[in-house]
Each structure stands twice: as C-alpha cells, then as structure tokens.
Amino acid sequence: MSGPSPSSDDIPTNIFSIDPPGIASAKCPRSFNARSAHSITRERTASPTDEASGSITTSSIGVGGGGGDGGNGMDNNDANDEFAAGGKRSKKKKKKGNKSNKSGNDDAADPNSAEGGGGGGGGGNDVNVAMTLHQIAQIYRRRHHYALALSAYRASLRGMKRSLGPRHPNVAAILGNLGNLHKEMGNYDVAYEIYQEVLGIETLHLGLSHPEVSVTLHNIATIESGRGRYRDAAALYGQVIRMQRSLFGPSHISVAVTSSCMGDVYERMGDVPSAAQSYEESLRIRTDVLGRDHVDVGRLLHKLGSLASKGGDARGAERHLGRAAEIYRRNGLEGDHPWVRDAERDRADVRAELSLRTTGTTAQVGGAP
C-alpha cells in the first residue's frame with residue numbers, strides 16, 4: 001500500500017480549487033515568484049440531489065485546498081483569490097473527479113472493487129458510488145499517490161458514464177479533474193486533449209459565455225504556455241479576460257488572476273512592457289480587493305521589481321522590491337523565508353548597480369579637465 005486509506009474526515013466539502021504551482025505542471029502556477037506566474041483550475045463535484053436534474057454546484061475551496069500545493073502556505077491565499085472568482089461566480093458546477101489511463105498499483109484494488117460493487121445498473125446508487133470514488137481519488141491526489149488517484153478517477157468515470165451518459169456535465173467535471181491531474185504530472189498533451197473534451201461538453205450544456213467555459217479556456221491556455229506555445233496562450237488568455245470582464249466586471253479578482261498569467265506569458269516572450277502592463281493591472285485589482293498589504297500584492301510588486309531591473313529602471317526596481325520585502329514581513333514571513341531572501345537579494349543587487357552608477361558618474365566628473 002502506498003499510503004493509509006483516507007478517513008471520512010479527509011473528504012473535502014469544498015471543491016472549487018486552484019491547482020498547485022510549478023512550471024513542471026504545465027500551468028500558470030498559483031504563487032508568484034520572480035520566475036513563475038499564476039494558475040486557475042477548478043475542482044468539481046455534484047451533490048446527490050443534483051444528479052437527477054443534472055445541475056452542478058460549486059463552492060470555493062479555502063486555504064489548504066486544491067490538490068498538492070507547491071508547499072508554501074502563501075499559495076493558499078492565491079487559492080482564495082483566484083477562485084473567490086470562480087467559486088462565487090458560478091451558480092452551477094459539476095462533479096469533480098477524473099478518469100485515468102492507468103490502473104495504478106495494488107492499492108488501487110479498493111477503488112476498483114468499490115466501483116464494481118456499485119455496478120449493476122442501480123442508477124442513483126451508481127452515481128453515489130461514482131461520487132464517493134471521486135472523493136477518494138481527490139484525497140489520493142492531494143497525497144500525491146497519483147497511481148491510486150488515477151485508478152479511482154477511472155472507476156468513478158466509468159460509473160458516471162454508465163449512469164448518466166458520456167455527455168453529462170458530471171462526466172465533464174470528472175474529466176476536468178483528470179486533466180488537472182495530468183497537468184500536475186506534466187502530461188501536457190494528455191491534459192490538453194482532455195480539456196478540449198471538457199470544453200465540448202460545457203459549451204453544449206452551458207453555451208459559449210458561461211464562467212465554466214472561461215475557466216476551461218484558461219486551463220487550455222496554461223497548457224499552451226507550458227508547451228511553449230506562448231502566442232497561442234496569450235491569445236487564449238486575452239479571450240478569457242474579455243469574458244471575465246463581461247461576466248464579472250473589469251475589477252473582479254478573476255481578471256487579476258488571468259492578467260497575471262498573461263504577464264507571465266509576455267515575460268517569457270521577452271515583451272517586458274506588455275508583461276509589466278499586465279502585472280500592473282493585476283496589482284491594481286488585487287490591491288483594491290485584497291488590500292495593499294496582502295501577500296499577493298507583495299508577490300506582484302516583486303515581479304514588477306524584477307521586470308524594472310530587466311528594463312534598466314534600477315530606481316523603480318529598488319522601490320518595488322523594498323515594498324515587497326516590507327509586505328512579506330508584515331505577513332509574518334521571517335528573514336530566512338525564501339521570498340524574503342529573494343527580495344532582499346534582488347534589492348541588494350539593484351542597490352549595488354545604483355551605487356556603481358553613482359560612483360562612475362562621480363569619477364567622470366572628478367576626472368574631467
């Protein structure tokens with residue numbers, strides 16, 4: 001067995017989430033640092049009472065949610081951020097879960113046997129069993145037992161398809177989480193194909209302008225960015241931002257999240273002015289919504305400081321980096337925290353550059369005939 005069996009206390013009640021950070025996971029990572037951007041991905045589920053009507057419910061996950069965070073608690077603030085957007089905006093939502101293309105190891109016998117026990121055309125029973133399997137898969141995924149998660153997702157998907165049909169919204173929800181898992185594992189091409197399937201089911205049931213569609217498009221954009229297709233990613237992020245502004249208004253937190261991702265793509269393309277513009281928009285919204293001392297504001301200021309340094313604006317860089325370090329401390333980060341260390345190091349580099357400039361100018365003036 002690769003890990004202890006999940007207890008009922010482990011089963012999450014909140015199921016709208018942002019996926020964990022990391023370039024390796026083919027998404028716009030959730031936390032900001034000088035070398036990464038943001039990600040939006042949702043976790044979905046359906047309550048038993050919603051199954052007959054096909055309605056889907058969502059709620060935003062709190063801190064600590066979302067499968068496998070990158071390890072630092074600050075990412076959880078982004079989770080609240082990024083889908084304070086999605087969780088509150090979507091009135092309807094799907095069942096979370098994922099299918100898998102591998103059965104896992106011996107530990108996977110439990111989910112598969114559970115699924116088999118729920119079979120037999122029981123309709124509602126099959127749906128309930130599929131939902132339970134999905135919850136088990138989510139727990140395994142959060143514990144990074146990916147083989148077990150894949151096996152449980154696979155069993156859940158089989159049961160849901162058998163009960164509700166292959167184009168039901170709850171099937172799309174399970175597929176969406178399967179895409180999330182493959183994205184975490186770095187299987188970008190597989191995740192891309194799954195998200196395309198999800199998009200087809202969502203647009204069939206929800207239309208082209210639904211919040212769920214915007215989230216799936218965002219996830220496809222992060223896959224494109226992870227595969228190095230930056231122009232395609234930028235075009236998709238632009239489409240998502242237009243949808244979000246129309247759906248929620250220009251100052252909604254979801255616009256800030258996607259703008260951050262857009263900035264990351266522009267930065268990777270070497271377009272520093274466009275990257276700075278995107279980060280500035282995200283900073284404005286986050287400051288208004290979260291407050292000027294929120295850690296996410298500090299992360300954006302750190303980003304802008306790094307960009308200013310790249311663009312030769314040492315004084316602007318020093319100002320942004322100093323403010324970022326101050327916000328980190330106000331949020332209880334100690335001097336040995338990597339974010340604080342990075343900000344202070346970058347700030348020291350900028351100060352050294354400014355000092356050299358001043359020394360060089362003085363020497364020229366002093367040496368003039």
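1. Tyrosine 328 and tryptophan 339 are both buried, where buried means under 20% relative accessible area, exposed over 50% and partly exposed in between, with a 1.4 Å probe and protein chains only. This is a predicted model, in which local features need pLDDT of at least 70 and side-chain atom pairs count only at pLDDT 80 or more, while totals for chains, interfaces and linings use all residues. Residues are numbered from 1 along each chain as its sequence is written, and side-chain values use heavy atoms, with hydrogens and water left out.

2. A search of the whole structure turns up one aromatic pair. Tyrosine 328 and tryptophan 339 form this pair, which is tilted, at 5.8 Å centre to centre and 45° between the planes. (Rings of Phe, Tyr and Trp, the last by its six-membered ring, pair if their centres lie within 6.5 Å; planes under 30 degrees apart are stacked, over 60 edge-to-face and the rest tilted.) Tyrosine 328 belongs to helix α13 (residues 314–330) and tryptophan 339 to helix α14 (residues 338–366), 11 residues apart. Helices here are DSSP runs of H or I with at least four residues, strands are runs of E with at least two, and both are numbered from the N terminus.

3. Elsewhere, arginine 227 lies over the face of tyrosine 192, at 4.3 Å from the ring centre. The criterion is NZ of Lys or CZ of Arg within 6 Å of the ring centre and within 35 degrees of the ring normal.

4. Now to methionine 243, which is in helix α9 (residues 230–248). Methionine 243 is buried, at 14% relative accessible area. Leaving aside neighbours within four places in sequence, its contacts (heavy atoms within 4.5 Å) are Leu208, Ser209, His210, Val213, Ser214 and Leu217. Serine 209 is 34 residues from methionine 243 in sequence, yet their C-alpha atoms are 6.9 Å apart.

5. Histidine 210 is worth a look too: it lies in the loop between α7 and α8. Histidine 210 is buried, with a relative accessible area of 16%. Not counting residues up to four places away in sequence, histidine 210 touches Met243 and Leu247.

6. Finally, the largest nonpolar core has 24 residues, of which Leu217, Ile220, Ile223 and Tyr237 touch the most other members. Such a core is a set of buried Ala, Val, Leu, Ile, Met, Phe, Trp, Tyr and Cys residues joined through side-chain atoms within 4.5 Å. Helix α9 gives the most to this core, with seven residues.
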